[in-house]
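Some labels given to parts of a protein rest on simple cut-offs.

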Amino acid sequence: MILKTERLILRPFREEDGPQLYEYLSDPQVVRYEPYDVFTEEEAAGEAMWRAERSDVYLAVCLAQEDERLIGNLTFSSVGCRECYEIGYVLNRSYWHRGYAEESARALMRHLFTVEGAMRIQAMCDCRNTASWRLMERLGMQREGLLRRNIWFKRNDMGEKIWVDSYIYAALRDEWLAE
């Protein structure tokens, strides 16, 4: 799948995306709320190869100008049933606060609702990730709940799991398309 917006191209990953993937996945602020730690250059190269094989789950977010520079990624997968999807997004910090996350996620949601026939699209985030849940609200998603200590990704210095609270947001096709 390739999706285009006014400023972006959303495309499958390529093996050669490793260096630009490393640019943002090596940034502790970018991966702060992600289920993984910072990547090394070698790990990013391997991740690019792996994502290139998983175009059914990952989309590279690239600038339409500047030789299609990779600035982030989207994830999407079916949850529960074929008509229900979960999405996620990660963006290079150098491109935060420019509307790229919203533009790319909105394009993916439009595709999932209108082409793939999704009935529901959901997203979750750590409650402390204010930028993420505010983005979900700008995308027309509604907060459906607070999941208390529902997940852990990282451990503290003593090796103990760090459990976090999550918000879950969702948009329904008929409501989202009516906006």
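What follows is a set of questions and answers on this model, which is a predicted one.

Q: What makes up the protein in terms of helices and strands, and in what order do the elements run?
A: The protein has 5 helices and 8 strands. Starting at the N terminus, their order is β-β-α-α-β-β-β-α-β-α-β-β-α.

Q: Why is the protein called as compact as a globular protein of its length?
A: Its radius of gyration is 16 Å, and the globule rule gives 16 Å for 179 residues. The two values are close, so the protein is as compact as a globular protein of that length. Along the principal axes, the C-alpha atoms fill a box of roughly 45 × 40 × 30 Å. Of the 179 residues, 45% count as buried.

Q: Why are β1 and β7 said to stand at the edges of the sheet?
A: The 8 strands form an open sheet with mixed pairing, in the order β1-β2-β3-β4-β5-β6-β8-β7. β1 (3–4) and β7 (142–155) each have a single partner strand, so one side of each is left without a neighbour in the sheet.

Q: How do you know that β4 and β5 pair?
A: Two strands pair if there are at least two bridges between them. Strands β4 (residues 70–79) and β5 (residues 81–91) have 8 bridges, in the antiparallel sense. Among the bridge partners, N73 goes with V90 in β5, and S78 goes with Y85 in β5. The hairpin of these strands has 1 residue between them, and G80 there takes a positive phi near 80°. Helix α1 lies across β4 and β5, at about 85° to β4.

Q: How do you know that β3 pairs with β4?
A: The cut-off is at least two bridges, and β3 (residues 58–63) has 5 bridges to β4, in the antiparallel sense. C62 stands opposite L70 in β4.

Q: Why is the contact between E103 and R7 called a salt bridge?
A: A salt bridge needs a side-chain nitrogen of Lys or Arg within 4 Å of a carboxyl oxygen of Asp or Glu. The closest N and O atoms of E103 and R7 are 2.6 Å apart, and the pair forms a salt bridge. E103 lies in helix α3 (residues 100–114) and R7 in the loop between β1 and β2 (8–11), so the pair ties together parts that are 96 residues apart in sequence. The structure holds 13 salt bridges.

Q: What makes D27 and R93 a salt bridge?
A: The cut-off is 4 Å, and the side chains of D27 and R93 meet at 2.8 Å, N to O. D27 is in the loop between α1 and α2 and R93 in the loop between β5 and α3, so this pair links parts of the chain that are 66 residues apart. D27 has a relative accessibility of 12% and counts as buried, while R93 at 37% counts as partly exposed.

Q: How do you know that E137 and R143 form a salt bridge?
A: The closest N and O atoms are 3.9 Å apart, and the cut-off is within 4 Å. E137 at 38% relative accessibility counts as partly exposed, and R143 at 37% is partly exposed as well. Elsewhere, salt bridges that share partners join R11, R14, D17 and E68 into one network.

Q: Why is E34 said to have no salt bridge?
A: The nearest side chain of opposite charge, R51, is 7.2 Å away, whereas a salt bridge needs a distance within 4 Å. E34 is buried and is found in the loop between α1 (18–25) and α2 (41–52). Not counting residues up to four places away in sequence, E34 touches Y89, V90, F153 and K154.

Note on methods:
Residues numbered from 1 in each chain as written. Predicted model: local features only at pLDDT ≥ 70, side-chain atom pairs only at ≥ 80, totals over all residues. Heavy atoms only, no water. Helix = DSSP H or I, 4+ residues; strand = E, 2+ residues; numbered from the N terminus. Buried < 20%, exposed > 50% of the residue type's maximum accessible area, 1.4 Å probe, protein only. Lys, Arg positive; Asp, Glu negative; His and termini not counted. Contact = heavy atoms within 4.5 Å. Axes fitted to C-alpha atoms, helices over the stretch in contact; angles between N-to-C directions. Rg over C-alpha atoms; globule rule 2.2 N^0.38 Å.
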